[in-house]
Amino acid sequence: MIDSPRRQTFVSRFAIHDPLILAVMALACLYVAVMSGHLQSIDGLLAYQQARSLVFDGSLQFDPALVWDTTHTTSRYGIGLSLLYVPGLVVWSWLLPYAPPLGDGRLTFEHYYADPLFTVVGPPVQIAIALATAYLVGRFCVELGLGRTVALWGMALYGVASPAIVYTRGDYSQPLSGLCWLAALYGVYRFLATGQRSPLVVAALAVFYGVLARPVEGTVVVPGLLVLLFAGRRDGGPIRPGWKPTVLMLGAYAVGVAAVLLVNWGRYGSPLTTGYEGYGWTNSLLVGLAGSLVSPGRGILWQFPAVLLALPGFLAMWRLPAQRALAVALGLTVVLQLLNVAAWQVWWGGWNWGLRLLVPALPLLALLAASGTGALRGRWRGWVAAVLLAGGVVWAVPCIVTDLLGGYGGAYDGSEASFRLDAYPPLGAWRYLQHWRAFNPTDMGAADILWLRVAREAGNVSLLPMALLALAAAALGLLAVAALRRGSNPRPSA
């Protein structure tokens, strides 16, 4: 018998009332346990340096200009991620003297691996983005009437069995775009379902910040939002939300675009200069689509096997009049982004794990996959979801343990290389793992987990927090599952 809430412990209250919170806590422990703690790309380094230039120099320009593959006087990437670094830089500014000096601006691998300021500023932001996205996937599932069991499956498929877990260890802005997409769609759907204005305001803010994060991806989601606004239904019947919500969404988008133009002006002296001059959507769609879907190195099928449930999930939503517009909005956004990626001349995304440029669509695909999981009946639900989850974990493990910069990134950079069989990380990545503990801060042949990387200097003491975090993740995951048996678990809507 359950005691009154006043007599229940903190954990038991969570276990009874919200297993989604426990699942988020489990993911948080897991993500911290496997964090890399360092920069992994020139893209991420420039976004981070943009934040540093704002906080410490009050400028969008780098002083000195940074030299890596070429000379960089500023960042060309969306300023949204850089702005999220700003509070951490202010709080941890006392670590700045311990960061590798920029000197004459020539970057070395010390700037990637040995910057303690980034270690405490960058990874928490990426982890928080992934946790917020995973929670929204779960909440969206509950909102759709799929039940908390399916919600936990959706969170697990996104948070553990997709590239999302790998990109918590990175420095790219695509996960932020994915969070903005999901928050915008969730807010609009909640508005249509309840008539409350606050979710609509949240959606508008997500649209605005999505443009700041990545202007092109911030545009991709707008058609889906308009479909949802004009074709959305409440309680199975058509509603006419009027023009105000549409004006709010388009206004938020316009303000975001205006902010991007101002940033461009501050960076380049011209609002129409983006830094991407010379790039374009010139790739063969046939090659790009084949690579994006099934190539061993970049194919979404191999890195996120649960995508196989996305089509059944779409059909399950389509059969319910109240969810039909949402199904179209989700499907349209995913397809537009897939075409955007496939046509881009660097469709594979450079040195990265999997199809980085499709990462914004992962939360939407996870939601569709969760819907597909909910459409399965009997024992098939657990078995199919478990097999697809295992396939995603198999892909993710070598991407977590091995260092991208240790050889894999360079070996499989390019369209042709992405189609090689050994570009599949479980086949091609392990050979770049030379030893478990790093010999020095820039050792790229070591296991790429922070706690192992510092073990040579800190001794086995550094392995203790990793072990405790892993155990905590497992325990919290079990508590989340137990919460389903103690609490309610509504059936999917008819």
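Which residues in α6 meet α17, and which residues in α17 do they meet? On the α6 side they are T133, V137, F140 and C141, and on the α17 side P363, A366, L367 and A370. Keep in mind that this is a predicted model.

**The chain as a whole**

- Taken along the principal axes, the C-alpha atoms fill a box of roughly 65 × 55 × 50 Å.
- Of the 494 residues, 54% count as buried.
- If you look at contacts with a separation of 6 or more, 76% of them come from residues 24 or more positions apart.

**α17 and its partner α6**

- Helix α6 covers residues 116–143 and packs with α17 at an angle of about 35°.
- The axes of α6 and α17 are 10 Å apart.
- The crossing of α6 past α17 is right-handed.
- Sorted by class, the residues of this contact are 7 nonpolar, 1 polar and no charged.

**α17 and its partner α7**

- Helix α7 (residues 148–159) and helix α17 (residues 362–375) have axes that come within 9 Å and cross at roughly 140°.
- That angle makes α7 oblique to α17.
- Here, too, the crossing is a right-handed one, with α7 passing α17.
- From α7, the residues in the contact are V150, W153, G154, L157 and Y158.
- They meet L362, P363, A366, A369, A370, T373 and G374 in α17.
- The class count for α7 with α17 is 9 nonpolar, 3 polar and no charged.
- P363, A366 and A370 of α17 turn up in the contact with α6 and again in the contact with α7.

**α11 against α12**

- Helix α11 (residues 215–231) and helix α12 (residues 243–268) pack at about 175°, and their axes are 10 Å apart.
- The two helices are therefore roughly antiparallel to each other.
- α11 brings P215, G218, T219, V222, L226, L229 and F230 to the contact.
- α12 answers with W243, P245, T246, M249, L250, Y253 and V260.
- By class, that contact has 11 nonpolar, 3 polar and no charged residues.

**V227, also in α11**

- V227 is found in helix α11 and is partly exposed, with a relative accessible area of 24%.
- Not counting residues up to four places away in sequence, V227 touches G232, A325, V328, A329 and L332.
- One of these, L332, is 105 residues from V227 in sequence, with 9.1 Å between their C-alpha atoms.

**Two exposed residues on helices**

- L311 is found in helix α15, which spans residues 310–318.
- With a relative accessibility of 56%, L311 counts as exposed.
- L311 and A193 are 118 residues apart in sequence and 24 Å apart in space, C-alpha to C-alpha.
- V387 is found in helix α18, residues 379–401.
- V387 is exposed as well, at a relative accessible area of 54%.
- Between the C-alpha atoms of V387 and V160 there are 13 Å, and along the chain the two are 227 residues apart.

**Two loop residues**

- Y77 sits in the loop between β2 (71–72) and α4 (79–91).
- Although it is in a loop, Y77 counts as buried, at 10% relative accessibility.
- Leaving aside neighbours within four places in sequence, Y77 is in contact with D43, L46, R267 and Y276.
- Y77 and Q50 are 27 residues apart in sequence, and 9.2 Å separates them in space, C-alpha to C-alpha.
- P64 is in another loop, the one between α3 (42–57) and β1 (66–67).
- The peptide bond that joins D63 and P64 is cis, with omega about 10°.
- For background, most peptide bonds are trans.

Terms used
Residues numbered from 1 in each chain as written. Predicted model: local features only at pLDDT ≥ 70, side-chain atom pairs only at ≥ 80, totals over all residues. Heavy atoms only, no water. Axes fitted to C-alpha atoms, helices over the stretch in contact; angles between N-to-C directions. Helix = DSSP H or I, 4+ residues; strand = E, 2+ residues; numbered from the N terminus. Parallel < 35°, antiparallel > 145°, perpendicular 65-115°, else oblique. Left-handed = near helix turned anticlockwise from the far one by under 90°. Contact = heavy atoms within 4.5 Å. Nonpolar A, V, L, I, M, F, W, Y, C, P; charged D, E, K, R; others polar. Buried < 20%, exposed > 50% of the residue type's maximum accessible area, 1.4 Å probe, protein only.
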